[in-house]
Amino acid sequence: MDFLVGGLAGVGAGFFSNPFDVVKTRMQLQGELQARGQHQVYYKNVPHAIYMIVKHDGVTALQKGLVPALWFQLVVNGVRLGIYQHADDYGLLRDEKNNTKFINSMFFGSLAGMIGAFFGSPLQLVKTQLMSYSSEKIAVGTQHAHRGMFYAITKIYGKSGLSGLWRGAHGMMIRNSIGSASQIASYSMSKEWMDENDLFQQSKYLSAFVASNIGAVTKTVTLTPMDVIMTRLYNQAVDVNGRGLLYSGIVDCAHKITKTEGLLAFYKGIGPSYLRQAPHTVLLLVFWDMLKDLEKTLGFRKLDVN
């Protein structure tokens, strides 16, 4: 039941944050392997990017990749929040005073995020390629021209086999490991601190709301560099053997970005990344708390695990 609760919380959050994910993906691919000032800037900032996408691709383009995005949220957050909650149920996250142990929270958050990313990687691959596809007038990165999620999965599998669906998964696993650990640990610790000090207690979920904002900021700062690398690895074209035409892996991608675009390129799209992470993290973690409370009310949850 913990896995279903985590997955449903992710789906609820993913629907509202998806437009910013589209903008983030486009901005991360803009100027790929080109020096600053030597490429066309189609997306100047978040409002301008939204305007350009709506102008050239239509308003529905802001929800490109929504189907695989929601499936991704169901799988990844179902696995990672389910594992994390199980660790908590078995007493692996708290001390004798029931306070969260920071190191334990980081470890299980990281492990849960990495495992979730492995299972969700094919969906993230397809989602990225669907989000990047646009009108030629504002196209950035490789354009894959998939007609939908199942078409993309069939096309990738037909060209590169089962392993092709997990191309770039190592980058996703590192990215999610970092993001999950920083998000869950900062959320748990800050919420616990506020509850203990009677801060933001006017509403049952107010402290969860504030703590999830702290989690969003922390996650955005720590996650973005690896997120840029992951987007590039997923979106690049491949040869007949399924090998990337631009990057051979994480290290090669990081080296080429640094050499051609500079270190600041690792924070491309941080604006829409935060605007995505903020509502997504808030909704995800607040939904998670609410669904856990509902689970207890309906009697599904075992409060004591021996």
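Visitor: Which residues form a nonpolar patch on the surface, and with about how much accessible area together?

Guide: A word on the basis comes before the answer: this is a predicted model, in which local features need pLDDT of at least 70 and side-chain atom pairs count only at pLDDT 80 or more, while totals for chains, interfaces and linings use all residues. Residues are numbered from 1 along each chain as its sequence is written, and side-chain values use heavy atoms, with hydrogens and water left out. The patch is formed by Val217, Val221, Tyr267, Ile270, Tyr274 and Leu275, which together have about 450 Å² of accessible area (computed by the Shrake-Rupley method with a 1.4 Å probe, only the protein chains shown counting as cover for residues). Helices H8 and H10 (270–297) each give two or more residues to the patch, and H10 has the largest share, three residues.

Visitor: What makes Val217 partly exposed?

Guide: Buried means under 20% relative accessible area and exposed means over 50%, with partly exposed in between (1.4 Å probe, protein chains only). Val217, which is found in helix H8, has a relative accessible area of 41%, so Val217 is partly exposed. A patch is made of residues with over 30% relative accessible area and no salt bridge, like charges being joined within 9 Å and nonpolar side chains (Val, Leu, Ile, Met, Phe, Trp, Tyr) within 5 Å, and the 41% of Val217 therefore passes the area condition.

Visitor: Which residues touch the most other members of the largest nonpolar core, and what is meant by a core?

Guide: A nonpolar core is a set of buried Ala, Val, Leu, Ile, Met, Phe, Trp, Tyr and Cys residues joined through side-chain atoms within 4.5 Å. In the largest one, which has 14 residues, Phe72, Val126, Ile156, Met172 and Tyr234 touch the most other members. Two or more residues come from each of H3 (66–89), H4 (102–132), H5 (149–160) and H8 (206–235), these helices being DSSP runs of H or I with at least four residues (strands would be E runs of at least two), numbered from the N terminus. H4 contributes the largest share, five residues. Apart from this core lies another, of 13 residues, including Met52, Ile53, Met131 and Val140.

Visitor: How do you know that the length of H3 agrees with its number of residues?

Guide: The expected span of a helix is 1.5 Å times one less than its number of residues, so the 24 residues of H3 should span 34 Å, and the end C-alpha atoms are 33 Å apart, which agrees. H3 is also mostly covered, with 17 of its 24 residues buried, and is followed by Gly91, whose phi is positive, near 75 degrees.

Visitor: Why is the pairing of Glu192 with Arg94 called a salt bridge?

Guide: The term requires a side-chain nitrogen of Lys or Arg within 4 Å of a carboxyl oxygen of Asp or Glu; the closest N and O atoms of Glu192 and Arg94 are 3.3 Å apart, so the pair qualifies. The two residues lie 98 residues apart, Glu192 in helix H7 (residues 169–196) and Arg94 in the loop between H3 and H4. Glu192, at 16% relative accessibility, counts as buried, whereas Arg94, at 28%, is partly exposed. The structure holds 13 salt bridges.

Visitor: Where do Arg232 and Glu261 lie, and are they buried or exposed?

Guide: Arg232 is in helix H8 and Glu261 in helix H9, 29 residues apart, and both residues are buried. The closest N and O atoms of this salt bridge are 2.9 Å apart.

Visitor: Why are Lys256 and Asp252 separated by about one helical turn?

Guide: The two residues are four places apart in helix H9, which means a separation of about one helical turn. An α-helix has 3.6 residues a turn, so residues three or four places apart point the same way. The side chains of Lys256 and Asp252 meet in a salt bridge at 3.3 Å, N to O.

Visitor: What makes Asp198 exposed, and what is its phi?

Guide: Asp198 has 58% relative accessibility, so Asp198 counts as exposed. Phi of Asp198, a residue other than glycine in the loop between H7 and H8, is positive, near 55 degrees. Most residues other than glycine have a negative phi.
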